[in-house]
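Dear colleague,

Please find below the structure that I am handing over to you, with its sequence.

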Amino acid sequence: MNWQPDWLARSPLFAPLTTLPQALTHSAGWIDTNQLNQFATEHGIRNVSGLSIQFSSDTSALAYEAQIARTGLVPTRPSNWHDYFNALAWLIWPHSKAALNQLHVLAGITPQRNRQRDALTLLDESGVIVACADPALWQLLQQHQWHELFVVNRERVEKEMAFHVLGHALYEKALQPYPGMTGKCQVIMVEGDFFGLDNTQRQHQLDRLLAQQLLQHPPLTPREFAALPVLGIPGVTPENTQPAYYQNTQVFRP
């Protein structure tokens with residue numbers, strides 16, 4: 001896909017990215033990696049070894065995750081949505097992305113990924129971080145009780161749950177959203193006052209909490225993540241204001 005200067009306004013799923021300066025998200029053409037690198041340097045974004053994260057089209061003989069861990073360089077293809085969103089994810093989830101990179105290396109960089117690296121990749125590509133103040137609501141999501149969660153308890157969901165996209169592949173799909181778009185959820189239990197914070201404060205807090213959670217309890221298999229059709233999140237699409245929207249069992253599977 002070509003550059004689309006209005007992309008940020010296309011979906012509420014991009015909300016976490018609105019915490020970045022407009023210079024990194026609004027442009028008549030593709031964002032220069034120099035701008036991304038300047039932001040990363042100014043905000044001290046580093047890998048777990050303390051090396052500054054920089055985005056570069058230059059690649060080495062090292063495997064992708066190994067290159068980030070050993071050099072701090074994140075391979076970034078120019079004029080490429082997937083890699084652009086990956087760079088933006090590093091800027092708003094710096095601690096979490098560094099933790100994921102560390103866990104990849106600890107799990108073993110081999111040509112064939114093991115189940116743990118499959119889980120880490122799935123979260124990195126398609127992750128949705130769910131801030132939740134009520135364990136009962138999280139349980140409904142895990143159990144795919146879609147009507148109960150998003151219709152019966154919709155007001156509670158809007159007040160006691162927040163959905164922050166981590167996965168850069170999911171951001172790329174949100175450019176042309178479709179009903180079956182599915183995220184893989186990692187929950188972070190929060191107190192009620194979390195929802196009184198502004199978007200930037202929420203994002204910073206979730207990033208630190210997620211990184212801590214990942215390092216203390218690394219995911220071991222993709223089956224640990226609850227699946228969520230992301231267009232079912234209240235407010236993401238006007239159609240989901242109607243209860244009938246959640247009756248499509250091809251999307252909202254029981």
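This is a predicted model: local features need pLDDT of at least 70, side-chain atom pairs count only at pLDDT 80 or more; totals for chains, interfaces and linings use all residues.

**Aromatic pairs and what surrounds them**

The structure holds 23 aromatic pairs, where rings of Phe, Tyr and Trp (its six-membered ring) pair if their centres lie within 6.5 Å, and planes under 30 degrees apart count as stacked, over 60 as edge-to-face and the rest as tilted. One of these is formed by W3 and W81: the ring centres are 5.1 Å apart and the planes meet at 5 degrees, so the pair is stacked. This pair links distant parts of the chain, with W3 in the segment before α1 (33-42) and W81 in helix α3 (residues 81-92), 78 residues apart. Helices (H or I, at least four residues) and strands (E, at least two) are DSSP runs, numbered from the N terminus.

Residues are numbered from 1 along each chain as its sequence is written, and side-chain values use heavy atoms, with hydrogens and water left out.

W3 counts as buried at 12% relative accessibility, and W81 counts as buried at 4%; buried means under 20% relative accessible area, exposed over 50%, and partly exposed in between (1.4 Å probe, protein chains only). W81 also pairs with Y84: their ring centres are 5.9 Å apart and their planes lie at 65 degrees, so this pair is edge-to-face. W81 and Y84 are 3 residues apart in helix α3, and therefore separated by about one helical turn. Both W81 and Y84 are buried. Ring pairs link W3, W7, F14, W30, W81, Y84, F85 and Y171 into a cluster.

L175 is placed in the loop between α9 (168-173) and β5 (182-189) and, at 4% relative accessibility, counts as buried. The C-alpha atoms of L175 and V157 are separated by 25 Å, the two residues being 18 apart along the chain.

**Two residues with positive phi**

S79 has a phi near 55 degrees, a positive value in a residue other than glycine. S79 is found in the loop between β2 (73-75) and α3 and is partly exposed, with a relative accessible area of 49%. H144, likewise a residue other than glycine, has a positive phi near 60 degrees. H144 lies in the loop between α6 (135-142) and α7 (146-152), and its 24% relative accessibility counts as partly exposed.

**The protein as a whole**

The secondary structure comes to 10 helices and 6 strands. With 254 residues, a compact globule would have a radius of gyration near 18 Å, and the 18 Å of the protein agrees with this; the radius is taken over C-alpha atoms, and the globule rule is 2.2 Å times the number of residues to the power 0.38. Along its principal axes the C-alpha trace spans about 50 × 40 × 35 Å. Of the 254 residues, 50% count as buried. Among contacts between residues at least 6 apart in sequence, 66% join residues at least 24 apart.

With kind regards

Technical notes
Contact means heavy atoms within 4.5 Å.
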